[in-house]
Number of protein chains: 2
Amino acid sequence: MVAQPSQTIGEIMVREVLYVQTGTDQEEVARIIQRYDFLAVPVVDTEQRLVGIVTVDDVIDILEQETTEDIYTLGGVQSGADNYFQTNLVTVARRRVVWLSVLLITNTATSAVIRSQQDILQQVVALAAFIPLLIGTGGNVGAQSSTVVIRGLNTDEIRIDEGLRVIRREATAGLILGLMLGVVVTVWAYVLQGNLAVAIAVGISLVAISVLASLAGSTLPFLFQLVGFDPALMSAPFITTVVDVLGVLIYLNMARFILNM
Amino acid sequence: MVAQPSQTIGEIMVREVLYVQTGTDQEEVARIIQRYDFLAVPVVDTEQRLVGIVTVDDVIDILEQETTEDIYTLGGVQSGADNYFQTNLVTVARRRVVWLSVLLITNTATSAVIRSQQDILQQVVALAAFIPLLIGTGGNVGAQSSTVVIRGLNTDEIRIDEGLRVIRREATAGLILGLMLGVVVTVWAYVLQGNLAVAIAVGISLVAISVLASLAGSTLPFLFQLVGFDPALMSAPFITTVVDVLGVLIYLNMARFILNM
């Protein structure tokens with residue numbers, strides 16, 4: 001439109017265009033259009049012949065679909081392209097049971113750990129009351145770290161070579177949060193059970209579990225990204241379950257140490 | 001470009017355009033451009049005067065930012081507009097501790113429930129080994145339901161008036177998953193502890209907890225949407241914690257019933 005009437009198309013066209021290939025992943029095409037604020041990008045085949053274009057409104061749909069996939073993965077659900085109400089329940093169950101089974105196996109490890117420490121629970125049954133509180137809080141701290149790290153990796157705000165810096169930051173955040181919550185929990189545990197040794201074991205364990213949870217929540221997504229898996233697999237459900245095992249192990253051994261048993 | 005040279009702009013322009021107002025939420029603007037595949041949409045002030053446009057490439061950035069907000073909320077993290085490394089750790093801790101404290105209060109309820117049932121744990125300490133497994137698995141089932149429902153509500157794939165249908169579907173999915181996992185867990189519990197009554201209590205509890213978890217995971221986001229809050233607040237961390245309280249209550253009472261105590 002701004003060219004002179006005498007110019008030919010050949011004179012005004014841009015020769016060096018950014019293009020994508022027919023085999024390019026749709027998410028990558030979306031990122032290119034997003035980065036350069038393009039309205040469309042040409043698609044070429046393996047012999048560089050133009051076979052079509054992808055426009056910006058396709059990109060919005062692609063991004064929405066990819067977001068759903070990411071969010072489903074974060075929630076431990078395998079996604080399908082079909083509508084919610086059209087999927088039959090057997091398919092729904094199949095898409096969820098795989099991940100639940102993986103988590104269940106990790107959970108059986110938690111049972112085995114408690115089983116092996118049963119003598120101390122037998123002697124001080126008051127300890128049992130704080131197991132869900134400790135592993136639950138630890139799981140939440142770990143879920144926060146993994147959420148931030150996974151989203152950062154997915155949007156390229158965090159680069160893979162910044163791993164150690166991120167893990168150190170998250171561990172420090174876990175320590176601060178653990179100390180804040182640890183004080184509250186120690187007081188609460190003492191009020192509930194009236195046993196100071198148990199209350200101290202609970203408080204100290206919470207600090208240790210928080211640090212460990214934020215370490216796991218930030219390290220595991222990086223490791224998955226490094227070996228080429230989707231870091232979103234290391235999200236809340238998995239981190240929570242890993243923290244269960246480690247949390248119970250830390251807590252019962254801490255109690256054993258403090259109670260001198 | 002396809003008009004006759006003699007036509008004036010006044011003759012070819014479209015008079016009935018879709019527009020947004022200066023006060024419209026950015027997410028809504030994004031949804032309009034996305035729905036109609038527009039390249040831009042005009043923005044008018046309260047007196048319908050054109051004050052600018054929002055283009056499709058702005059929309060992509062808006063959607064990405066909104067997605068990060070959604071994902072952070074799902075993970076129990078309050079989001080900020082700033083870069084990961086530029087935020088100081090005190091701010092990071094402040095953004096996370098509020099949600100952790102809310103969850104901690106719910107967790108103290110779990111401790112209180114176990115405390116009130118301490119007599120049965122004292123007599124059958126073997127029961128303690130399966131508490132994390134049951135509430136962990138229940139939490140995962142609930143997290144899956146809430147993930148699917150929250151995402152469905154956010155993308156308008158699920159409408160608010162379809163609530164009952166969705167809740168019924170999720171509860172059925174929870175039942176199917178509970179039955180599948182319940183069988184496995186009963187066998188595992190028997191192998192670990194060699195106590196059939198305990199194993200049966202664990203298996204039946206898992207079925208009940210799964211149904212309840214999927215009910216909570218699908219109902220709570222709907223309730224939050226109904227009263228005008230962000231349904232994403234009722235995501236994995238909160239559902240998991242609610243399931244902890246209910247799960248322990250179901251399990252220890254089921255055990256009391258089956259063990260005849």
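Analyst: Val97(A) is partly exposed, because 19 other C-beta atoms lie within 10 Å. On this scale a residue is buried with 20 or more other C-beta atoms within 10 Å of its own, exposed with 12 or fewer, and partly exposed in between, the C-beta atoms being placed from the backbone. The model is predicted: local features need pLDDT of at least 70 and side-chain atom pairs count only at pLDDT 80 or more, while totals for chains, interfaces and linings use all residues. Residues are numbered from 1 along each chain as its sequence is written, and chains are lettered from A and ligands numbered from 1 in the order in which they are written.

Val97(A) belongs to helix 4 of chain A. Helices (H or I, at least four residues) and strands (E, at least two) are DSSP runs, numbered from the N terminus. Apart from neighbours within four places in sequence, Val97(A) is in contact with Leu177(B) and Met180(B); contact means that the C-beta atoms, placed from the backbone, lie within 7 Å. Between the C-alpha atoms of Val97(A) and Ala126(A), 29 residues apart along the chain, there are 34 Å.

For the two chains as a whole, 76 residues of chain A are in contact with 76 residues of chain B. On the side of chain A that touches chain B, at least two residues each come from helix 3 (56–74), helix 4 (89–116), helix 5 (118–123), helix 6 (131–154), helix 7 (163–193) and helix 9 (236–258) of chain A. That side has 43 nonpolar, 24 polar and nine charged residues, where Ala, Val, Leu, Ile, Met, Phe, Trp, Tyr, Cys and Pro count as nonpolar, Asp, Glu, Lys and Arg as charged, and the others, Gly among them, as polar.

Helix 9 of chain A has 23 residues, 18 of them buried. From first C-alpha to last it reaches 31 Å, close to the 33 Å expected at 1.5 Å a residue; the expected span is 1.5 Å times one less than the number of residues. Asn260(A), which follows helix 9 of chain A, has a positive phi near 60°.

The largest nonpolar core holds 128 residues, of which Leu134(A), Val202(A), Ile239(A), Leu134(B), Val202(B) and Ile239(B) touch the most other members. Such a core is a set of buried Ala, Val, Leu, Ile, Met, Phe, Trp, Tyr and Cys residues joined through C-beta atoms within 7 Å. A second, separate core of 16 residues includes Ala30(A), Val59(A), Leu63(A) and Val59(B).

Strand 1 (residues 20–21) and strand 2 (residues 40–44) of chain A run parallel and are joined by two bridges; strands pair if DSSP finds at least two bridges between them. Val20(A) faces Val43(A) in strand 2 of chain A. With strand 3 (residues 50–55) of chain A, strand 2 of chain A pairs in the antiparallel sense over five bridges, and Val44(A) has Leu50(A) as its bridge partner. Five residues lie between these two strands in their hairpin, where Gln48(A) takes a positive phi near 65°.

In chain B, three strands form an open sheet in the order 1-2-3, with mixed pairing. Strand 1 (20–21) and strand 3 (50–55) of chain B each have a single partner strand, so one side of each is left without a neighbour in the sheet.
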